2 protein chains.
Amino acid sequence: MANPLHHAECLPAKPGEAPLPIAEADSLLEHLDQWTIQAGKYLRKAWAFSDFQSALNFVNAIGHLAESVGHHPDIALGWGRVEVELTTHDIGGLHRADFILAARIDLIEL
Amino acid sequence: MANPLHHAECLPAKPGEAPLPIAEADSLLEHLDQWTIQAGKYLRKAWAFSDFQSALNFVNAIGHLAESVGHHPDIALGWGRVEVELTTHDIGGLHRADFILAARIDLIEL
């Protein structure tokens, strides 16, 4: 089934826009691969790698994607691991843009 | 004054080696620029940048250095910020190698 998040434009939150209601966030989560919602406002996922350089390469791929869509995750990098946290600080919670970026991160070839 | 950490070889911890005593760690800390020791076993420092790409470039410079010395920090990357945490997991605390890597990170041109 086509993923509706893959080709959606990663539009930023509008001023005054509310975070996604939890039901809508849960529904979008079904289109993602092994991401979790934490504290109601963070999308998180962790990856394991066999060395540091592979993890750093993945961070660079995410960074390239983030720059291209103008939406930037928080990324934790360590030897053999990368953790990504997405939220929309301007609205204090999750926005559709977070799910769109997560879906595109899932398309990065490891 | 020359920094004794700049040209020291970044040797890994030996099996069974103890973490640095706190007095020795505090003494080495004086050779670093604005790093702090936290919980007695983490060397930490944060940097601010004016955009995401500059922060990512710095992460890559740290990564290149880490690969060259075979000692790898934990790195948190976000829009305009990088935080580095150094510790030596094998010995459960700080090793001279952590201070040597920190001193070399301080030499990276921003």
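Predicted model: local features only at pLDDT ≥ 70, side-chain atom pairs only at ≥ 80, totals over all residues.

Reader: How many aromatic pairs does the rule give over all chains, and what is the geometry of the pair of Trp35(A) and Trp47(A)?

Author: Over all chains the count comes to six aromatic pairs. In the pair of Trp35(A) and Trp47(A), the centres are 5.7 Å apart and the planes stand at 80°, which makes the geometry edge-to-face.

Reader: Which parts of chain A does that pair tie together, and is Trp35(A) buried or exposed?

Author: With helices (H or I, at least four residues) and strands (E, at least two) taken as DSSP runs numbered from the N terminus, Trp35(A) lies in the loop between helix H1 (22-29) and strand S1 (36-38), and Trp47(A) in strand S2 (residues 42-48), so the pair ties together parts that are twelve residues apart in sequence. Buried means under 20% relative accessible area, exposed over 50% and partly exposed in between (1.4 Å probe, protein chains only). Trp47(A), at 10%, counts as buried, and Trp35(A), with a relative accessible area of 4%, is buried.

Reader: Where is Leu94(A) placed, and which residue 54 places apart along the chain has its C-alpha atom 7.9 Å away?

Author: Leu94(A) is in the loop between strand S4 (81-86) and helix H3 (96-106) of chain A, and at 2% relative accessibility Leu94(A) counts as buried. Leaving aside neighbours within four places in sequence, its contacts (heavy atoms within 4.5 Å) include Pro19(A), Ile37(A), Tyr42(A) and Phe99(A). The residue 54 places apart along the chain, with a C-alpha separation of 7.9 Å, is Gly40(A).

Reader: What rotation superposes chain B on chain A?

Author: Copies are superposed by least squares on the C-alpha atoms of residues with pLDDT of at least 70 in both. The shift along the axis is 0.0 Å and the RMSD is 0.0 Å, for a rotation of 180°. The two copies are thus related as by a two-fold rotation axis.

Reader: What is the area buried between chain B and chain A?

Author: Here 16 residues of chain B are in contact with 16 residues of chain A. Buried area is the accessible area (1.4 Å probe) that two parts lose on being put together, summed over both. Carbon and sulfur atoms give 59% of a total of about 1,300 Å².

Reader: How many salt bridges cross that interface, and which residue of chain B meets Arg81(A) in a salt bridge?

Author: A salt bridge is a side-chain nitrogen of Lys or Arg within 4 Å of a carboxyl oxygen of Asp or Glu, and the rule finds two across the interface of chain B and chain A. At 3.0 Å, N to O, the side chain that meets Arg81(A) is that of Asp74(B).

Key:
Residues numbered from 1 in each chain as written. Chains lettered and ligands numbered in written order. Heavy atoms only, no water. Phe/Tyr/Trp six-rings, centres within 6.5 Å; stacked < 30°, edge-to-face > 60°.
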